[in-house]
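Please examine the protein shown below.

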Amino acid sequence: DFGSVSTDPEKHDVEYLTPISIGTPPQDLIVDFDTGSSDLWVFSTEMAASDIKGQTVYDPSNSSTSQILQGSTWEITYGDGSSSSGDVYIDTVTIGNLTVPNQAVEAAKKVSSEFTEDPNNDGLLGLGFTSINTVQPTPQNTFFDNIKESLDARLFTADLKHGAPGSYNFGYIDPAAYIGNISWTPVDNSQGFWGFTSPGYAVGTGAFRNHSMTGIADTGTTLLLLPKSVVSAYYKEIQGAEYDSDQGGYVFPCSPTPPDFVFGVNNGIVTVPGDMVSYAPVDTANQNCFGGIQRDTGIGFSIFGDVALKTSFVVFDAGGLQLGWAAK
Ligand SMILES: Cc1ccc(-c2noc([C@H]3C[C@@H](O)CN3)n2)cc1F
């Protein structure tokens with residue numbers, strides 16, 4: 001069995017939103033697939049009306065197949081400090097043509113303001129490892145963990161694009177979706193993430209510098225967050241680039257286009273084109289741009305977020321416990 005679903009970027013590729021269906025008859029919601037977490041939670045009828053501003057909500061009482069998971073609760077906090085919490089139902093969930101009949105659906109009772117102020121996002125679907133699912137007293141499987149044994153291959157792929165629809169495929173590698181070879185690297189899932197170590201980097205056409213960068217492949221993080229020393233080495237090559245504490249990161253003149261950023265994956269490389277590093281203008285005159293590459297300070301590891309992922313076709317292989325990166 002295998003399946004595919006389209007995923008669309010919000011403005012500035014800040015997040016990618018993907019349709020799912022929950023319940024009987026199906027309730028269609030649009031959620032943020034996040035390989036950096038492992039809860040499937042959605043806005044729900046159990047929330048205060050004041051916390052809902054445009055989102056579509058899951059109504060378990062309108063689903064003939066929903067069953068409350070008695071006594072279970074969940075609560076999660078994301079890297080940016082946003083958070084949500086609630087209780088748990090078991091219901092049928094469909095992504096593309098793939099259905100899990102007994103998926104734990106975490107219904108929100110509370111969400112922080114960042115979610116309320118994000119009108120097109122109806123929740124998150126975690127594609128991390130089940131070990132970090134927050135449901136208490138018994139952690140619940142992710143959609144992928146529930147479906148993976150029935151897939152032709154225990155993997156999914158992320159093909160995120162800059163300002164255009166991309167796709168998540170489950171159970172197969174589409175040879176038409178990438179060019180060249182896939183570079184494979186082993187995954188450390190001990191923290192519940194798709195963790196790996198990049199051997200180094202290069203700036204523009206410069207020499208490759210051996211510099212281990214241990215991090216996670218995280219579709220739910222917008223930017224590419226790397227060690228301070230690597231980030232300053234990169235921005236040193238851009239005239240006028242500076243760390244702007246007001247903006248909370250490196251800012252530089254939007255033109256000329258900055259140099260490419262290259263990072264290693266095993267014995268291959270991934271190139272982030274310079275025009276993808278100019279993440280978004282910081283002023284209306286579009287003179288200065290906020291960088292798509294920023295420091296990972298305080299996190300404890302690097303985060304290869306959408307700025308890194310959207311340049312590639314990425315295979316999240318749970319069967320082989322490895323990540324595959326290819327150009328496209
Ligand atoms: C409003 C909002 C806030 C945060 C996130 C969010 N989703 O994934 C992540 C990263 C960070 C890490 O926690 C796991 N992956 N962050 C999504 C939102 F819609």
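What follows is a guided reading of this structure.

The model is a predicted one. Along the principal axes, the C-alpha atoms fill a box of roughly 60 × 45 × 35 Å. The radius of gyration of the protein chain is 20 Å, and because a compact globule with 328 residues would have a value near 20 Å, the two agree.

The next matter is how the chain is packed. Of the 328 residues in the protein chain, 55% are buried. The term "buried" is applied to a residue with under 20% relative accessible area. The accessible surface of the protein chain is about 13500 Å², and carbon and sulfur atoms account for 49% of this surface. Contacts can also be sorted by their separation along the sequence.

We turn now to empty space. Rolling a probe the size of a water molecule over the atoms shows where empty space is left. The largest pocket holds about 870 Å³ of space. Its lining consists of 31 residues, and those nearest the centre of the pocket are Tyr78, Gly79, Asp80, Gly220 and Thr221. Strands β3 (27-34) and β5 (67-77) and helix α1 (113-116) each supply at least two residues of this lining. Sorted by class, the lining of the largest pocket has 15 nonpolar, 9 polar and 7 charged residues.

A pocket is open, whereas a cavity is a space from which the probe cannot get out. How many cavities of 30 Å³ or more does a search of the whole structure find? The search finds 1 such cavity, and the volume of the largest cavity is about 30 Å³. Among the residues that line the largest cavity are Ser38, Asp39, Leu40, Gln103, Asn133 and Phe143. Strand β7 (residues 98-111) gives the largest share of this lining, with 3 residues. By class, the lining of the largest cavity has 3 nonpolar, 6 polar and 2 charged residues.

Two of the peptide bonds may be considered in turn. The bond that joins Gln136 and Pro137 is cis, with omega at about 0°. Pro137 is placed in the loop between β8 (123-126) and α2 (143-147). The bond from Ser255 to Pro256 is cis, with omega near 5°. Pro256 belongs to the loop between β16 (249-253) and β17 (261-265).

The backbone angle phi provides another pair of examples. Asp13, a residue other than glycine, has a positive phi, near 55°. Asp13 is found in the loop between β1 (3-9) and β2 (16-22). Is Asp13 buried or exposed? The relative accessible area of Asp13 is 3%, and therefore this residue is classed as buried. Asn266 is likewise a residue other than glycine with a positive phi, here near 50°. Asn266 lies in the loop between β17 and β18 (268-272). With a relative accessible area of 43%, Asn266 is partly exposed.

Ile182 is located in strand β11 (residues 179-186). Its relative accessible area is 17%, so Ile182 counts as buried. Which residues does Ile182 touch, not counting residues up to four places away in sequence? The contacts of Ile182 are with Ile173, Val315, Gly324, Trp325 and Ala326.

Asp188 is situated in the loop between β11 and β12 (195-203). Asp188 has a relative accessible area of 46% and is therefore partly exposed. Neighbours within four places in sequence being left aside, Asp188 is in contact with Phe193 and Gly195. From C-alpha to C-alpha, Asp188 and Leu321 are 7.8 Å apart in space, although 133 residues separate them in sequence.

Conventions
Residues numbered from 1 in each chain as written. Predicted model: local features only at pLDDT ≥ 70, side-chain atom pairs only at ≥ 80, totals over all residues. Heavy atoms only, no water. 1 Å grid on protein atoms, 1.4 Å probe; cavity = no way out; pocket = protein on both sides within 12 Å on 5 of 7 lines; lining within 4 Å. Points joined across faces, edges and corners; volume = space filled by probe spheres on them. Helix = DSSP H or I, 4+ residues; strand = E, 2+ residues; numbered from the N terminus. Nonpolar A, V, L, I, M, F, W, Y, C, P; charged D, E, K, R; others polar. Rg over C-alpha atoms; globule rule 2.2 N^0.38 Å. Buried < 20%, exposed > 50% of the residue type's maximum accessible area, 1.4 Å probe, protein only. Areas by Shrake-Rupley, 256 points an atom, 1.4 Å probe, with all protein chains shown as cover. Contact = heavy atoms within 4.5 Å.
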